[in-house]
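This briefing goes through one protein structure by topic. Please keep the sequence and the 3D view at hand while reading.

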Amino acid sequence: MATKHQFLSSVLFLAIVQTSIASGISIYWGQNGNEATLNETCASGRYSYVNLAFLNKFGNGQTPELNLAGHCNPAVNGCTVVGPEIKHCQKLGVKVMLSIGGGVGNYSLASKKDAKNVARYLWNSFLGGRSSFRPLGNAVVDGIDFDIELGSSLFYEDLAKYLKAYGRIGRKVYLTAAPQCPFPDRLLGTALNTGLFDFVWIQFYNNPPCQYTPNNTDNLKNSWIRWTSSVNARRIFLGLPAAPQAAGSGFIPADVLTGEILPMIKKSRKYGGVMLWSKFWDEQTGYSASILKSV
């Protein structure tokens, strides 16, 4: 029988584990063939979440298309080689999402039925379902990331609902999203209102009214407070460029992030960590390594 001391030690250990799980770095991988492999990315130990970028063509009756830039060619079934790497990441405790959308592509949802069809495609081709053609082989990604930057806002709330419903018949389907920091997000606001998203990594860059600018942290802090007090998600992340060249604006020097910004935003119970765009740019600067202990 456990003593009171052992019980308290167990509770403390669980609290530490839960805290360590609660915050981490999310990275986007896939849009530059010169970046590290997925295996190397996960083996670095710096990332808790990897978003495979992007499935950038879907909806409106189109045949969906995966684009992993120079890493592989899905048109000739070449991206199945990524499958074993996804499994390796998952064995290391890294959650892997398939990110749909992106800043370049052709995607939108025409109706609820269209959303249902896209959800079915995602379930059968990348999640726990079955299909004769699975672009990433038999690996099962942990969830779907909504990085919707083009088109309209219509029916993404339906896509979220259909995907979550699949999670009730099989293994859990994580839903994540990467809205822009102006609140509410123009394209994802309605979907986020469903409360179905586990993690939301907000893009605090390329948006001057709510991002960091030199010697001004107020806009970012005020926006962070608004997001964390308004959006019903398990965890909310601060999304940043990993290098000055990775975005048009919004880069935060690592010392400013760790010294001024993280101490403030970590006060929120919804704080989940930092999201970085992207693995390629992180390699150029070592940004994740320089902030990891503070995240």
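Buried means under 20% relative accessible area, exposed over 50%, and partly exposed in between (1.4 Å probe, protein chains only). This is a predicted model, in which local features need pLDDT of at least 70, side-chain atom pairs count only at pLDDT 80 or more, and totals for chains, interfaces and linings use all residues. Residues are numbered from 1 along each chain as its sequence is written, and side-chain values use heavy atoms, with hydrogens and water left out. Helices (H or I, at least four residues) and strands (E, at least two) are DSSP runs, numbered from the N terminus.

**Backbone**

- Most residues other than glycine have a negative phi, and most peptide bonds are trans.
- Between Ala53 and Phe54 the peptide bond is cis, with omega near 0 degrees; Phe54 belongs to strand β2, residues 49-58.
- A cis peptide bond, with omega near 0 degrees, also runs from Trp277 to Ser278. Ser278 sits in the loop between β10 (271-277) and α9 (279-285).
- Phe155 is not a glycine, yet its phi is positive, at about 70 degrees. Its place is the loop between β6 (143-148) and α5 (156-167).
- Asn206 is not a glycine either and has a positive phi of about 60 degrees. Asn206 is in the loop between β8 (199-203) and α7 (218-230), and it counts as partly exposed because its relative accessibility is 40%.

**Nonpolar cores**

- In soluble globular proteins, nonpolar side chains tend to be buried together.
- A nonpolar core is a set of buried Ala, Val, Leu, Ile, Met, Phe, Trp, Tyr and Cys residues joined through side-chain atoms within 4.5 Å.
- The largest nonpolar core holds 77 residues, and those with the most contacts inside it are Leu52, Leu122, Leu136, Phe146 and Leu159. Helix α8 (residues 254-265) supplies the largest share of this core, 6 residues.
- A second, separate core has 13 residues, including Tyr28, Tyr49, Ala178 and Phe237.

**Two residues and their contacts**

- Contact means heavy atoms within 4.5 Å.
- With neighbours within four places in sequence left aside, the contacts of Phe146 include Ile100, Tyr156, Leu159, Leu188 and Phe197.
- Ile261 is in helix α8. Ile261 counts as buried because its relative accessible area is 0%.
- Which residues does Ile261 touch, not counting residues up to four places away in sequence? They are Tyr212, Thr217, Leu220, Leu238, Ile252 and Val256.
- Ile261 and Leu220 are 41 residues apart in sequence, and their C-alpha atoms are 8.7 Å apart in space.

**Disulfides**

- A disulfide is a covalent bond between the sulfur atoms of two cysteines; here a pair of cysteine sulfur atoms within 2.5 Å counts as one.
- The whole structure has 3 disulfides. With bonded cysteines counted along the chain, their pattern is 1-4, 2-3, 5-6.
- Cys42 is joined to Cys89, with an S to S distance of 2.0 Å. Cys42 lies in helix α2 (residues 38-43) and Cys89 in helix α3 (residues 82-91), so this pair ties together parts 47 residues apart in sequence. Both Cys42 and Cys89 are buried.
- Cys72 is joined to Cys79, S to S 2.0 Å. The link of Cys72 and Cys79 is right-handed, with 95 degrees about the S-S bond.
- The sulfur atoms of Cys181 and Cys210 are 2.0 Å apart and form a disulfide. Cys181 lies in the loop between β7 (174-177) and α6 (189-192) and Cys210 in the loop between β8 and α7, so the pair ties together parts 29 residues apart in sequence.
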